[in-house]
Amino acid sequence: MKEEEKASKKYCIPYIPAAEFTAAEKRMKFHVLGYGIDPENPELLRYSNCFLEQMNERSRLQIRKMQRDGIEIEEKEFFEKAGGGPLYRAKLLGVLADHGILKREEIMESLHSYFGKGAPYEEEDRFHYRSFYEVCTMIKEAGGNVVLAHPGKIKRKDVQLYHALLREECLDGVEVYHHDNPEDVRAELLAVAGDRHLMVTGGSDYHGIYMKKPALPGAEELPEELAEGLEHLLSGKRTNSFDSTFV
């Protein structure tokens, strides 16, 4: 039995297998959630492992640059911080904070000076991110439902893309209750969800110290009907087909 299943039974809290993916459109990256996926789906595992391998290689190059600059921390310690997942740049800085090289509260604000354009540890992200349509296809084929993550962030960067994504036929839900969605965006998303009969989701999106806007678990107040709207995922009913209207 997996850890999440054990915890679900121990604390009597239902859980839904899910994952967050990065899609790319018009040279912009954004996040897509897959709810109710089969975590053992072969294509999903292949894609995720490919992503992990390339991210790990990028991290190794960044670590070597740090070591050449006199930061005497072994590669193993950096990867232990990742816990088996991708070693994101913030976690690299988390190790530096463990050694007192910078303060924990400075981690997120230091990302650009360490890894930004022209920064000493800049390393190009060479992974080929899939389009929104391709990510939707992968989620659907893994038995999952497609939810657009924190759309407010997308709207701030590209309002046309934001509206195009909300019209997509493959969309099953939108993440409304999130700290990156201001009140006017939440109202807009709720209206779209009502018109299109989409799921509404939300949460604190808690990342511990790796957050620009600190938010504790439970900080986002969620309506009770959100849980009711996800009951079909707990019962195993899933959406598997769609037509795309994305241009």
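Biologist: Which residues of helix 8 meet helix 9 in this predicted model?
Modeller: The model is predicted: local features need pLDDT of at least 70, side-chain atom pairs count only at pLDDT 80 or more, and totals for chains, interfaces and linings use all residues. Residues are numbered from 1 along each chain as its sequence is written, and side-chain values use heavy atoms, with hydrogens and water left out. Contact means heavy atoms within 4.5 Å. On helix 9 the partners are V185, E188, L189, V192 and R196; on helix 8 they are Y162, H163 and L166.

Biologist: Are helix 8 and helix 9 roughly parallel or roughly antiparallel to each other?
Modeller: Axes are lines fitted to C-alpha atoms over the stretch in contact, and angles run from 0 to 180 degrees between N-to-C directions. Helix 8 (residues 159–166) and helix 9 (residues 183–196) pack at about 25°, axes 11 Å apart. Angles under 35 degrees count as roughly parallel, over 145 as roughly antiparallel. The two helices are therefore roughly parallel.

Biologist: How far apart are the end C-alpha atoms of helix 2?
Modeller: Helices are DSSP runs (H or I, at least four residues), numbered from the N terminus. The expected span is 1.5 Å times one less than the number of residues. For the 27 residues of helix 2 (residues 42–68) that gives 39 Å, and the end C-alpha atoms agree: 39 Å.

Biologist: Is C170 buried or exposed?
Modeller: Buried means under 20% relative accessible area, exposed over 50%, partly exposed in between (1.4 Å probe, protein chains only). C50, at 27%, is partly exposed. C170 has a relative accessible area of 0%, so C170 is buried.

Key
Angles under 35 degrees count as roughly parallel, over 145 as roughly antiparallel, 65 to 115 as roughly perpendicular and the rest as oblique.
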